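Subject: Structure handover

Hello,

I am handing over a structure that you have not seen before. Please open it first, then read on.

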Amino acid sequence: MSSSLYNISNELRQLFNSINDNDGEVTQEQEAALAITQNQLEGKGVSYALVIRECDSRVSAIDSEIERLTKLKTQQQNLSKKLKQNISDAMKEFGVEKIESAIIKLSFRSSKETVIEDETKLPESCFTVKTTRTVSKTEVKKLIDEGQVLEGAYIRENKSLQIK
């Protein structure tokens, strides 16, 4: 915070910097120094307003940076997803289950997914009641694992690419 920028008294500027350096936590001594008497109201009021303006400006800059970083994060997630899909497709096409090097290992890991083809054919116990009626894949999986044959659902084994 530049004191010449807002013409805030040096003492008050140091106090605000000290509070800022302490992650915004205000000690009892600092609280007493911040207390405003009738005589100090105008001078401190202007100083407070200028510091508040600085803080608000920083908040706006931080918000802009968060927005920029969020976009960058999304771009990187999309690129990673696309590259992962490309290498996965190529490995499947050539029947390769594993690629290993000195620095990285790519392999497929088996997983299971509960697939609901027709929820109208499932027993009521497979549903959870919320604001809307949804199938409980956990319950469907449990029933199938227990040996029940359910029309409208089955367990499918999937392979997802693992990078270590």
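Below is what was found in it, from the overall layout down to single residues.

First, the ground rules. This is a predicted model: local features need pLDDT of at least 70, side-chain atom pairs count only at pLDDT 80 or more, and totals for chains, interfaces and linings use all residues. Residues are numbered from 1 along each chain as its sequence is written, and side-chain values use heavy atoms, with hydrogens and water left out.

**Layout**

The protein chain has five helices and five strands. Both are DSSP runs numbered from the N terminus: helices are H or I with at least four residues, strands are E with at least two. Starting at the N terminus, the order is α-α-α-α-β-β-β-β-α-β.

The protein chain has 164 residues, and 20% of them are buried. Buried means under 20% relative accessible area, exposed means over 50%, and partly exposed is in between (1.4 Å probe, protein chains only). Now for contacts, meaning heavy atoms within 4.5 Å. Take those in the protein chain between residues at least 6 apart in sequence: 52% join residues at least 24 apart.

**The largest pocket**

Rolling a probe the size of a water molecule over the atoms shows where empty space is left. Here a 1 Å grid over the protein atoms alone is used; a pocket is an open set of points where a 1.4 Å probe fits, with protein on both sides within 12 Å along at least five of seven lines. Points are joined across faces, edges and corners, and a volume is the space filled by probe spheres set on them.

The largest pocket has a volume of about 200 Å³. It is lined by 11 residues, and Phe 16, Ile 19, Asn 20, Val 51 and Cys 55 are the closest to its centre. Lining residues have an atom within 4 Å of a point. Two elements give two or more residues to this lining: α2 (10–21) and α4 (41–93). The most come from α4, with four residues.

By class, the lining has nine nonpolar, two polar and no charged residues. Nonpolar covers Ala, Val, Leu, Ile, Met, Phe, Trp, Tyr, Cys and Pro; charged covers Asp, Glu, Lys and Arg; the others, Gly among them, are polar.

**Single residues**

- Asp 23 sits in the loop between α2 and α3 (28–34). Its phi is positive, about 55°, although Asp 23 is not a glycine. Most residues other than glycine have a negative phi. Asp 23 is exposed, at 72% relative accessible area.
- Arg 133 lies over the face of Phe 127, 3.6 Å from the ring centre. The rule asks for NZ of Lys or CZ of Arg within 6 Å of the ring centre and within 35 degrees of the ring normal.

**Around α5**

Which residues does Glu 139 contact, leaving aside neighbours within four places in sequence? They are Ser 125 and Cys 126. Glu 139 lies in helix α5 and is buried, with a relative accessible area of 17%.

Thr 138 also belongs to helix α5 (residues 137–145). Thr 138 is exposed, at 64%. Its C-alpha is 7.9 Å from that of Cys 126, 12 residues apart in sequence.

Gly 152 is in the loop between α5 and β5 (153–163). Gly 152 counts as buried, at 11% relative accessibility. Beyond four places in sequence, Gly 152 touches Val 115, Ile 116, Glu 117, Asp 118, Lys 121 and Leu 122.

Best wishes
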